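This report describes a single protein chain for a reader who is new to structural work. Please keep the sequence and the structure in view while reading.

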Amino acid sequence: MNPEKDFSPLTPSIVRALNDKLYEKRKVAALEIEKLVREFVAQNSTAQIKHVIQILSQEFALSQHPHSRKGGLIGLAACSIALGKDSGLYLKELIEPVLTCFNDADSRLRYYACEALYNIVKVARGCVLPHFNVLFDGLSKLAADPDPNVKSGSELLDRLLKDIVTESNKFDLVSFIPLLRERIYSNNQYARQFIISWILVLESVPDINLLDYLPEILDGLFQILGDNSKEIRKM
């Protein structure tokens, strides 16, 4: 991280704290970012908000340094909390760098990415539905994560997404089916459980008629019926 570089509107002390190896310091920086973004929202300063998100994404969340990446994740979540209902306007920019961190080799970072995305989705609620496929894609990979913390973090996020889909009438089933059809052939037991749990949720939503699409997923379901796990066959 180049100390000479200008990260304004982020102050040098925010930048230092975001790069700190201590979670507490990064947390303090996140609260400062939240305050800053709230001011920009009050001033209706879209350009400044975009600039802050861009710095947090490019210079931090996508950085080569693990501590900077962690700082970027908590910073992006702070932006989203400060934006509140306006976060829907910046979702692509907020979500993409976080999803990139889902692939990080460090399990702590994958966990922090789950946490950040949970906070972003919790604020945006139904506005995340246009981005549902990329979120589902990321979650389906984490469903099989070897780290128990990452798995429980992804399950929290998964439940939140299911709530949002269940309470909304804007879910785009047509664009989701091809992704479901592709993922249903996974051989991993956790990925299979994840897929079936989503089919069960969609089946329970009155506005969604999954039967129309049954031929698309029937072959995959029969494959899963051959799973070694009794629990999965029962599901």
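## Confidence in the model

Among the elements of the chain, the lowest mean pLDDT, 93, belongs to helix α12 (residues 230–234), and the highest, 98, to α2. Here pLDDT is the predictor's confidence in each residue, from 0 to 100, and helices are DSSP runs (H or I, at least four residues) numbered from the N terminus. The chain averages a pLDDT of 95, and 98% of the residues score at least 70.

This is a predicted model, in which local features need pLDDT of at least 70 and side-chain atom pairs count only at pLDDT 80 or more, while totals for chains, interfaces and linings use all residues. Residues are numbered from 1 along each chain as its sequence is written, and side-chain values use heavy atoms, with hydrogens and water left out.

## Helix α6

Helix α6 covers residues 107–124. Asp-106 caps the N-terminal end of α6, with a side-chain oxygen 2.8 Å from the backbone nitrogen of Arg-108. Just after the helix, Arg-125 takes a positive phi of about 45 degrees.

Several residues of α6 are buried, including Leu-109, Tyr-112, Leu-117 and Ile-120; buried means under 20% relative accessible area, exposed over 50%, and partly exposed in between (1.4 Å probe, protein chains only). The buried residues of α6 pack against α2 (23–42), α4 (66–83), α5 (91–101), α7 (132–142) and α8 (148–167).

## The nonpolar core

The largest nonpolar core has 77 residues, and Leu-10 and Ile-33 have the most contacts inside it. The largest share of this core, nine residues, comes from α6. Such a core is a set of buried Ala, Val, Leu, Ile, Met, Phe, Trp, Tyr and Cys residues joined through side-chain atoms within 4.5 Å. In soluble globular proteins, nonpolar side chains tend to be buried together.

## Cysteines

A search of the whole structure finds zero disulfides, a disulfide being a pair of cysteine sulfur atoms within 2.5 Å. Cys-114 is buried, with a relative accessible area of 1%, whereas Cys-127 is partly exposed at 37%.

Notes:
Helices (H or I, at least four residues) and strands (E, at least two) are DSSP runs, numbered from the N terminus. The expected span of a helix is 1.5 Å times one less than its number of residues. Contact means heavy atoms within 4.5 Å. A polar contact is a pair of N or O atoms within 3.5 Å; within protein, one must be able to donate a hydrogen and the other to accept it, and residues adjacent in sequence count only if both atoms are side-chain atoms.
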